[in-house]
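Me: Please walk me through this structure in short questions and answers. Start with the side-chain contacts.

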Amino acid sequence: QVRGLCGTYNWKQQDEFTTPAGDVENGVTAFANAYRASGHCPALSPFPLEPCDAFPGRRELAEASCAVLRGATFQ
């Protein structure tokens, strides 16, 4: 019953990119653009295939942020 930018929480990776319309997108960019709150927000461009390679200085911050989502609070 959960869906959105954080996924579906049903342990099926095939439907993690389910849009508000119920479609399942293949890529991150199309999925994220489906959740734009307003047409005034710019659409995202395709992301680099390896974000950590494109932004090496952000890896530590990203890993710390993801650790919160993987912690006991969200289990």
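**Salt bridge and rings**

Reply: Glu63 and Arg59 form a salt bridge, with their closest N and O atoms 3.1 Å apart. A salt bridge here is a side-chain nitrogen of Lys or Arg within 4 Å of a carboxyl oxygen of Asp or Glu. This is a predicted model: local features need pLDDT of at least 70, side-chain atom pairs count only at pLDDT 80 or more, and totals for chains, interfaces and linings use all residues. Residues are numbered from 1 along each chain as its sequence is written, and side-chain values use heavy atoms, with hydrogens and water left out.

Me: How many salt bridges does the structure hold?

Reply: Glu63 pairs with Arg59. The count for the structure is one.

Me: By about how much of the helix are Glu63 and Arg59 separated?

Reply: Both residues belong to helix H3. Helices are DSSP runs (H or I, at least four residues) and strands likewise (E, at least two), numbered from the N terminus. Glu63 and Arg59 are four residues apart, so the separation is about one helical turn.

Me: What is the relative accessible area of Glu63?

Reply: The classes are buried (under 20% relative accessible area), exposed (over 50%) and partly exposed in between, with a 1.4 Å probe and protein chains only. Arg59 is partly exposed at 40%. Glu63 is also partly exposed, and its value is 48%.

Me: How many aromatic pairs does a search of the whole structure find?

Reply: Rings of Phe, Tyr and Trp (its six-membered ring) pair if their centres lie within 6.5 Å; planes under 30 degrees apart count as stacked, over 60 as edge-to-face and the rest as tilted. The search of the whole structure gives two.

Me: Is the pair of Phe17 and Phe31 stacked or edge-to-face?

Reply: The ring centres of Phe17 and Phe31 are 4.9 Å apart. Their planes meet at 25°, so the pair is stacked.

Me: How far apart in sequence are the parts that Phe17 and Phe31 tie together?

Reply: Phe17 sits in the segment before helix H1 (28-34). Phe31 is in helix H1, so the parts tied together are separated in sequence by 14 residues.

Me: Is Phe31 buried or exposed?

Reply: Phe17 is partly exposed, with a relative accessible area of 27%. For Phe31 the value is 5%, so Phe31 is buried.

Me: Which kind of pair do Phe31 and Tyr35 make?

Reply: Their ring centres lie 5.4 Å apart. Tyr35 is partly exposed at 25%. The planes of Phe31 and Tyr35 are at 65°, so the pair is edge-to-face.

Me: Which residues make the nonpolar surface patch of about 420 Å²?

Reply: Patches are made of residues with over 30% relative accessible area and no salt bridge: like charges are joined within 9 Å, nonpolar side chains (Val, Leu, Ile, Met, Phe, Trp, Tyr) within 5 Å. Val68, in helix H3 (residues 59-69), is exposed at 52%. The patch is made by Tyr9, Val68, Leu69 and Phe74.

Me: Which element has the highest mean pLDDT?

Reply: pLDDT is the predictor's confidence in each residue, from 0 to 100. The chain averages 80. Helix H2 (residues 51-54) has the lowest mean, 73. The highest mean, 87, belongs to H3.

Conventions
Areas by Shrake-Rupley, 256 points an atom, 1.4 Å probe, with all protein chains shown as cover.
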